[in-house]
Structure formats: structure tokens, C-alpha cells
Amino acid sequence: MSANDLLWEKLVRRLGVLIAFLALGAAAYGQTFPEPRTFKVNDRVYVLLGPIQHANKINQGYMINSTVIVGDKGVILVDSGGSDEVGRHIATAVRRITDKPVTHVVNTHHHGDHYFGNVAFEGATFISSEMCRKMVRETSHEWLELMERDIGRKLPETKPLTAGVIYPEGTRTETLIHGVRVVFWVPRGSHTIGDLLVHLPDDKVLVAGDVLVSGVVPTFQDGFVKNWIQTLDEIQTLGVEHFVPGHGDLMTLDDVTALREAMLRFYSVVKEGFRKGQSESEIRKSLDLSSWDKLERSYVIGRNINRAYLEIERDSFNE
Ligand SMILES: [Zn+2]
């Protein structure tokens, strides 16, 4: 071994120690999260556009959009993120927009990536649909396990905080919060059994949770496809200009129409296949997936066929 080699070995060892030290430091000072892109709708409505990839080691469970509604005395936040840490990360992003306190947190549905951040807003009024609260109570442990698995570490401080204010299915409730007119709309189960959409009629904004998505394939797994298409029909009649999806960029009315058409085509082909007695893999071959198979989360397509198939089969018993 030459003197050069020895020197090199020493250097590598030192570098190793340095890296270990830095890693420890990172663990001690918490994770870093991707920064959201902020989209300003008007002087009081801002959208924090989060990463669209499924939870992973890089985004650490930060994978949703949050909407910041700045009223005269406080902030209404829609969707809080996938862990206590993501919630604090979102809180920091809110503080860059306004120093008013977050007094209300709305959860659009019971999928963990949208509500586990509630812990970071303790003391706020939490709002969801009635079914969302029930589902959070029943499924939060499963969602937490999934999240911990996907990001590769434990989240000991992440606890499910459920809503104190709930709205039942099939209702639209108009209310005034901090001077902002807000309509809480709970359609028939669409993306999930308990979706809550937030309509701001004076701002021409609809915050739709995952009833709308852009750049990612909609996930049918907990959904009701037929109702969902009906909800998309209604969404198009609200006179909204800015549609905020749960994941991905803001949408226009044309985008909503395109999503509705894609979902209807999908549903119709699965239904046709069911009537012909085709298997799910045969149905897959007759689907035109060109608008979906290049998007983020295209791996859900197979599960989507399965979910639509089961729904159609169930409906067929009642025909
Ligand atoms: Zn979801």
C-alpha cells in the first residue's frame, strides 16, 4: 500500500464520520420537505401546490394541495398533510402568506395524506363530513402504517385529530367565516364515502379534494364511480373559475369536463365488458388508457377496473 493509498483511506474514513455526523444532525433537526408552489387566486385565496408523487422517502408524505383562505380575523385551511411534520411544514408556508392564525381546518376526506397534519393546528376548529370522521376513527391506524411504510420511518407524533364540526351526506351548508362566504358541500359518496367540497361562491373557487385530480390517475379504490361522475356533472354547473384538485395543478372547466369524460368512458367500457362476461384482463385490453397510462399513479388502473367492476356487479343485482 502506498503512502497515497493510506492518505486516501484516512480521508474516506473521515468523510464517513462527517456524513454520519451530518445525518445525525438532520435527524435531530427534523426532515426537510419539498417546498410547495404557491398559486394566488386573489387577495384572500391561495393554493399551496404540493408534490404529486405518492408518499416516498423524498417527499416524506407531503403529497397534497392545501388551500389557504385568509379571512378578516383568521385563516381557513383546507387539508393539512400526511403527518404532524408535514402539517408544521404547511403551517410555515401559511405564515409566509399571512400572520393571521389558522382557526379552521377542513379535511376533504379520510385519506391520511390529507388530514394527519391536523396535529400541527391543535386548538383550531376541525371540519369534515360525518362519514369522514367515522372513517378516520376506523381507519387511521391503517393509514398511519401505510404512511410509515412508504416514507421508511415511524411517525410517533402523528395522531388522528377528528372534526368537531361535521356535515352529513347530501347537504350543502352556506356559512360565513371571518367574512368569507363558504359553502360546505357533501355529495353522495364519490372519491370516498365522505367527501367534503368547499365552494367559495364570491371567489369562484371550488376546493374539491380528490374528487378532482390533475396529472395523476383518479383512485377508485374507496370510491363510487357512478356517483362520482354525477358529482362531476354538478361541479360543472357551479359557475366556478378555479378548480382546486387534491393533487396536481389547478384545473379549468375544460379540465373538469375532460376528467368527467375519461371517467365515463372507463366506466362504460367496464360495464360493457361485464355484460359480455369478460374477465378484468380482457376488459383492460379494450380500454383506451392513452390519457391515463402516462400519468403519475398509473399503477392504480388495474385496481380501478376491479373497483368499477364490483360496483357494476353490485348494481346489476338491483336492476
Ligand atoms: Zn384520496
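**Gly-74**

I looked up Gly-74 and found it buried, with a relative accessible area of 0%. Buried means under 20% relative accessible area, exposed means over 50%, and partly exposed lies in between (1.4 Å probe, protein chains only). I noted that this is a predicted model, where local features need pLDDT of at least 70, side-chain atom pairs count only at pLDDT 80 or more, and totals for chains, interfaces and linings use all residues. Residues are numbered from 1 along each chain as its sequence is written, and side-chain values use heavy atoms, with hydrogens and water left out.

Where does Gly-74 sit? I placed it in the loop between strand S3 (66-70) and strand S4 (75-78). Helices (H or I, at least four residues) and strands (E, at least two) are DSSP runs, numbered from the N terminus. Not counting residues up to four places away in sequence, Gly-74 touches Ile-69, Lys-100, Pro-101, Thr-103 and His-178. Contact here means heavy atoms within 4.5 Å.

**Helix H6**

Next I followed helix H6, residues 253-276. It has 24 residues and reaches 35 Å from its first C-alpha to its last, close to the 34 Å expected at 1.5 Å a residue. The expected span is 1.5 Å times one less than the number of residues. Its buried residues include Leu-259, Met-263, Phe-266 and Val-270. The buried residues of H6 pack against helix H5 (225-235), strand S12 (242-244), helix H7 (280-286) and helix H8 (301-316). Just after H6, I found Gly-277 with a positive phi of about 75 degrees.

**The cores**

I then checked the largest nonpolar core, which has 33 residues. Such a core is a set of buried Ala, Val, Leu, Ile, Met, Phe, Trp, Tyr and Cys residues joined through side-chain atoms within 4.5 Å. Leu-212, Leu-232, Ile-235, Met-263 and Phe-266 have the most contacts inside this core. H5, H6 and H8 are the elements that give two or more residues to it. The largest share, 7 residues, comes from H6. Apart from this core lies another, of 22 residues, among them Val-45, Leu-49, Ile-76 and Ile-177.

**The zinc ion**

Which residues coordinate the zinc ion? I listed His-109 (NE2), His-111 (ND1), His-191 (NE2) and Asp-210 (OD), at 2.2 to 2.4 Å. Donors are N, O and S atoms within 2.8 Å of the metal (3.2 Å for Na, K and Ca); water is not among the atoms, so sites may look incomplete. Along the chain, the donors follow the spacing H-x1-H-x79-H-x18-D. His-111 and His-191 link distant parts of the chain, 80 residues apart. His-111 counts as buried at 8% relative accessibility, and His-191 counts as buried at 3%.

**Salt bridges**

I counted 16 salt bridges in the structure. Each is a side-chain nitrogen of Lys or Arg within 4 Å of a carboxyl oxygen of Asp or Glu. Side chains of opposite charge can pair when their charged atoms come close.

I looked at Asp-249 and Arg-37, whose side chains meet at 2.8 Å, N to O. Asp-249 is in the loop between S12 and H6, and Arg-37 is in strand S1 (residues 37-40), 212 residues apart. Asp-249 is partly exposed, with a relative accessible area of 40%.

Asp-203 forms a salt bridge with Arg-44, the closest N and O atoms being 3.0 Å apart. Is Asp-203 buried or exposed? Asp-203 counts as buried, at 8% relative accessibility. Arg-44 is partly exposed, at 23%.

Last, I noted that Glu-174, Arg-181 and Asp-202 are linked in a network of salt bridges.
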